[in-house]
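Good morning, and thank you for making time for this item. Please look at the model as I bring it up.

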There are 4 protein chains.
Amino acid sequence: MKLGFIGLGQMGSSMATNLVTAGHDVTVFNRSAEKLAPLVKLGAKPAATVAEACADREAVITMLADDRAVRDIALGTGGIASVLNPRATHISMSTVSVELARDLTEAHARAGQKFLSAPVFGRPEMAAARKLFIVAAGDPDVIRACQPAFDAMGQKTFEIGTEPAAANLTKIAGNFMIAATIETLGEAFALVGKGGVDPSAFLHVMTSTLFPAPIYRTYGTLIAERKFSPAGFAAPLGHKDVRLLLAAGESLRVPMPLGSLLNDRFVRLLAQGGEQLDWSAIGRLAAEDAGLTRE
Amino acid sequence: MKLGFIGLGQMGSSMATNLVTAGHDVTVFNRSAEKLAPLVKLGAKPAATVAEACADREAVITMLADDRAVRDIALGTGGIASVLNPRATHISMSTVSVELARDLTEAHARAGQKFLSAPVFGRPEMAAARKLFIVAAGDPDVIRACQPAFDAMGQKTFEIGTEPAAANLTKIAGNFMIAATIETLGEAFALVGKGGVDPSAFLHVMTSTLFPAPIYRTYGTLIAERKFSPAGFAAPLGHKDVRLLLAAGESLRVPMPLGSLLNDRFVRLLAQGGEQLDWSAIGRLAAEDAGLTRE
Amino acid sequence: MKLGFIGLGQMGSSMATNLVTAGHDVTVFNRSAEKLAPLVKLGAKPAATVAEACADREAVITMLADDRAVRDIALGTGGIASVLNPRATHISMSTVSVELARDLTEAHARAGQKFLSAPVFGRPEMAAARKLFIVAAGDPDVIRACQPAFDAMGQKTFEIGTEPAAANLTKIAGNFMIAATIETLGEAFALVGKGGVDPSAFLHVMTSTLFPAPIYRTYGTLIAERKFSPAGFAAPLGHKDVRLLLAAGESLRVPMPLGSLLNDRFVRLLAQGGEQLDWSAIGRLAAEDAGLTRE
Amino acid sequence: MKLGFIGLGQMGSSMATNLVTAGHDVTVFNRSAEKLAPLVKLGAKPAATVAEACADREAVITMLADDRAVRDIALGTGGIASVLNPRATHISMSTVSVELARDLTEAHARAGQKFLSAPVFGRPEMAAARKLFIVAAGDPDVIRACQPAFDAMGQKTFEIGTEPAAANLTKIAGNFMIAATIETLGEAFALVGKGGVDPSAFLHVMTSTLFPAPIYRTYGTLIAERKFSPAGFAAPLGHKDVRLLLAAGESLRVPMPLGSLLNDRFVRLLAQGGEQLDWSAIGRLAAEDAGLTRE
């Protein structure tokens with residue numbers, strides 16, 4: 001496919017690389033241009049502006065940090081909605097708000113363009129290994145047309161609805177489930193640990209029996225061994241996702257007491273100097289409360 | 001092995017059946033004697049008293065409803081500690097408090113008997129299928145000696161420590177993790193459901209990607225389809241386990257905010273008439289709070 | 001003083017009335033012009049635009065519903081910051097965010113104007129009776145110059161800092177304390193009520209002993225008697241204030257678990273049809289959870 | 001009146017002193033006999049046993065630390081229920097559980113004795129100054145007969161029901177309201193403090209306006225100035241009262257999310273070394289979470 005790719009962070013670089021490697025014709029754009037070089041070396045075309053990244057493309061993918069960045073790149077002056085060809089598709093793969101997904105749906109429709117939300121589940125190493133899970137929502141024909149791009153980036157694509165925002169809501173709720181798992185492990189480890197049971201041994205029992213899911217092994221090990229840096233997914237990003245959750249809960253009017261607990265945990269982690277830590281560091285707060293550690 | 005088995009409820013009956021079927025010599029006892037018949041038919045010997053159930057046994061297993069029942073049967077007048085042979089073993093497989101495990105450890109030691117805590121993970125159908133996970137703690141030699149009995153009841157035995165109470169703490173923390181999963185799914189479903197995403201479709205994405213664990217499939221389906229009766233594990237038992245958790249947290253001084261949230265959920269479920277429902281029915285409360293249902 | 005007054009809602013109308021009655025020269029403006037008539041009858045001058053309301057004024061007061069309204073009226077095209085005389089003062093008396101207070105401080109400074117935040121404590125009947133408590137922050141000389149206006153509207157003015165946002169933070173934290181009182185009463189009433197003690201009798205004991213504050217009497221009576229309509233302060237406004245609290249908590253990085261609980265309560269009340277009720281209706285949710293009522 | 005008084009702790013000593021001073025004929029008993037001397041000096045008769053403290057008395061008052069102590073003294077071998085004259089009254093003034101109040105009601109009825117619950121509100125200095133608030137429940141005639149004793153100890157007696165347990169529930173719910181006030185102040189102070197507003201100045205505004213209650217002044221000052229020792233009411237006692245609350249909530253099936261939050265706060269305070277501090281020290285935890293202090 002003729003693709004544009006905007007946003008070459010840790011995730012985006014790997015995804016764009018996989019697209020190029022799979023034989024797609026990819027134009028790449030990034031705010032700080034130094035990220036372009038490795039991709040250009042592999043065969044991508046560099047773009048100096050959003051307009052160049054969109055010119056002549058069947059679809060342009062955005063993989064950016066947050067609502068503000070996507071809103072700016074897509075809906076700002078000279079943004080995607082104002083330069084993309086009619087009938088071409090904007091695929092938003094970032095984790096952004098339901099509200100923004102709705103605004104993008106409307107703006108691209110007005111401009112005669114197509115729009116998909118297709119956020120992903122997976123940490124950077126999964127992006128590199130082409131193992132992402134992609135959750136896509138929007139017009140089924142458009143999803144089908146973009147499938148070759150998805151296949152180059154992920155191991156599987158799930159269609160979750162015809163309204164693009166459905167994919168964002170799914171992604172937000174999925175990240176909530178991960179954060180809830182971190183909190184659960186943190187409290188369980190604090191209890192058994194203070195009671196004389198080694199958290200790693202406890203984790204082994206749990207992941208060998210009822211919870212044989214990689215998420216439990218991955219985060220359980222990080223928390224049990226207190227390996228919170230370097231961050232695979234930094235605490236401020238985790239906090240951002242919990243805020244997207246609570247914002248969705250407020251606009252849909254769904255109270256989420258566990259979501260609120262997670263938000264309090266992240267605010268506290270950041271207040272106490274956790275900016276650089278992995279988001280799983282909220283899993284150490286229960287142990288701190290139990291007097292097991294004081295840093 | 002020459003075994004006694006006390007407590008023929010839904011779980012205990014299946015476990016005792018599997019012991020008999022595996023060729024062990026089993027004497028069975030139950031408060032209400034009508035539960036004995038099916039086991040006697042299979043070859044078990046009926047006991048009319050705790051003393052008869054303990055006479056001449058290498059080990060006697062208890063699988064009872066709660067602390068009160070175990071305390072009574074084991075430590076009361078004519079209880080196991082007063083009638084079991086010296087050097088024989090009491091294996092407590094019920095979900096009971098850390099405090100009771102300590103009292104049993106001490107009482108049996110004083111009587112020259114051995115004691116293991118060996119609670120299990122698994123719902124009734126897993127007990128019937130000999131698929132329980134057994135978490136054992138106590139003297140390693142004693143665990144080894146009892147392994148034939150464990151092998152007849154479960155698919156795997158985990159040793160978690162030399163102090164029996166360690167197994168109870170592990171079981172309590174494990175059940176907390178299941179209850180936390182139920183709450184997590186309940187809140188996530190309420191959010192996506194009110195936002196127009198089918199909870200079952202959302203569950204499919206989650207269990208196909210990050211959460212490929214039977215617990216998520218089992219409870220997710222129950223919650224998504226609101227199948228809370230008949231109860232596989234009744235709400236009052238779930239509440240009992242959360243109270244064991246908070247009691248352990250209080251005595252060890254480990255604050256558990258998510259545990260507290262779960263306790264509030266169970267108290268509410270029971271206050272609103274949920275006595276007969278499966279414990280996963282706390283997973284519907286988030287939807288009620290969101291105005292999605294009012295029964 | 002030569003005053004402009006913008007925003008003639010339930011509170012604003014009473015406050016403007018008291019200014020006119022006290023002899024001040026007041027120009028009034030409101031989005032929907034029909035609110036002007038009663039004030040014009042008393043001697044106020046009607047303004048057709050924000051510019052007219054600001055022309056020639058020493059100070060212009062805003063008393064509007066929320067951040068959006070104040071931001072629009074003060075910082076939008078043709079807004080106060082663009083039309084008010086240099087050295088004249090904008091007094092923002094609405095309950096708005098700390099962030100907006102900072103933006104207003106900066107914008108008015110750039111325009112050579114003065115700015116005070118002076119939110120109030122008091123329900124509509126207190127506004128009518130000139131019994132408001134005013135919490136003012138900003139340049140002490142400017143507060144002193146505006147004191148005659150404050151004296152016409154309130155029973156007492158508190159200076160809380162030289163940074164205008166300090167007054168907004170105080171107001172937000174004060175409203176949190178009221179909402180926390182409502183929740184506290186709601187839970188206490190549910191407990192004693194289900195235990196056979198009449199909530200009104202319990203309230204009498206509490207307000208006669210440890211809690212002899214009007215807030216407890218007022219809200220305690222509303223909750224005990226379930227008189228949630230007509231609303232003195234509607235639930236969506238209460239929710240707005242809790243969101244201002246959590247927003248301040250997030251930007252200052254102060255986790256507020258009780259604030260989060262209150263937010264969940266308001267989201268639930270609104271999800272279940274409480275739009276028209278007084279905000280004290282969150283005080284009935286504990287009783288509902290206890291199975292005492294189902295409406 | 002001819003009175004027995006059992007339990008000469010900080011509160012009990014002052015209360016017994018006031019009874020003697022008011023001219024009552026008082027026999028005193030305490031586990032550790034050295035507490036008797038000051039009262040004997042004032043004219044009280046020392047008792048060496050519970051039986052002596054009850055002999056020939058119209059009423060015997062207990063003011064003890066917790067359920068265990070009251071249960072032992074009243075219902076144990078040689079306890080009040082077994083030695084008090086028929087038709088004499090046991091007045092339980094300790095803060096104990098609803099369940100124990102029911103057991104006492106039943107036991108004394110069986111023995112042909114009378115029973116009142118009459119817990120008090122007030123810190124030690126109020127007890128010394130005869131300023132306690134007494135909340136009494138039980139047979140109105142019995143309350144009337146004991147009024148002279150109450151008048152010697154408190155400034156006012158409230159009758160809250162004919163079932164003694166009603167007074168205990170009222171006391172427990174009242175202490176919950178105080179603890180909730182402490183948490184509310186703690187969170188509010190953390191927020192305004194981190195935002196640059198002096199907590200003492202904020203407290204002054206609040207107690208001068210909406211919250212003119214001594215509780216707010218007393219605890220607000222303790223928290224703002226971090227004066228948590230010496231303890232007027234020690235953290236373990238505060239925790240005990242929150243556990244009585246949650247026990248009542250569980251047995252009555254009333255979920256109390258704010259009560260649960262308070263329990264988590266106390267468990268944490270005690271886990272982190274707060275045994276000796278005043279219970280208001282839970283009010284500093286919000287500030288710690290905000291990164292304002294680390295001790």
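What you see is a predicted model.

I begin with how chains A and B are related.

Now to the interface itself. In contact are 55 residues of chain B and 55 residues of chain A. Between these two chains about 4800 Å² is buried, and carbon and sulfur atoms give 83% of that area. Which three residues supply more than any other three of the area that chain B buries against chain A? They are B:Met177, B:Leu191 and B:Leu210, which supply 16% of it.

Several elements of chain B each bring at least two residues to the side that touches chain A: strands β8 (132-137) and β9 (154-161), and helices α9 (165-194), α10 (199-208), α11 (214-224), α12 (235-252) and α13 (257-271). Which element gives the most to that side? The answer is α9(B), with 19 residues. By residue class, the side of chain B that touches chain A divides into 39 nonpolar, 10 polar and 6 charged residues.

Let us turn to the partner chain and consider one helix there. In α10 of chain A, residues 199-208, the buried residues are A:Pro199, A:Phe202, A:Leu203, A:Val205, A:Met206 and A:Thr207. Against what do the buried residues of α10(A) pack? Within chain A they pack against α9 (165-194) and α11 (214-225), and in chain B against β7 (120-121), β8, β9 and α9.

In chain C, the peptide bond from C:Ser229 to C:Pro230 is cis, with omega near 0 degrees. C:Pro230 sits in the loop between α11 (214-225) and α12 (235-252) of that chain. In chain D, the bond from D:Ser229 to D:Pro230 is cis, again with omega near 0 degrees. The loop that holds D:Pro230 runs between α11 (214-224) and α12 (235-252) of chain D.

Back in chain B, two residues other than glycine have a positive phi. For B:Asp56, phi is near 70 degrees, and the residue is found in the loop between α3 (50-54) and β4 (59-62). Is B:Asp56 buried, partly exposed or exposed? Its relative accessibility is 46%, so B:Asp56 counts as partly exposed, given that buried means under 20% and exposed over 50%. For B:Arg130, phi is near 60 degrees, and its place is the loop between α7 (124-128) and β8 of chain B. B:Arg130 has a relative accessible area of 30% and is therefore partly exposed.

Thank you; I welcome your comments.

How values were computed: Residues are numbered from 1 along each chain as its sequence is written. Chains are lettered from A and ligands numbered from 1 in the order in which they are written. This is a predicted model: local features need pLDDT of at least 70, side-chain atom pairs count only at pLDDT 80 or more; totals for chains, interfaces and linings use all residues. Side-chain values use heavy atoms; hydrogens and water are left out. Contact means heavy atoms within 4.5 Å. Buried area is the accessible area (1.4 Å probe) that two parts lose on being put together, summed over both. Helices (H or I, at least four residues) and strands (E, at least two) are DSSP runs, numbered from the N terminus. Ala, Val, Leu, Ile, Met, Phe, Trp, Tyr, Cys and Pro count as nonpolar, Asp, Glu, Lys and Arg as charged, and the others, Gly among them, as polar. Buried means under 20% relative accessible area, exposed over 50%, partly exposed in between (1.4 Å probe, protein chains only).
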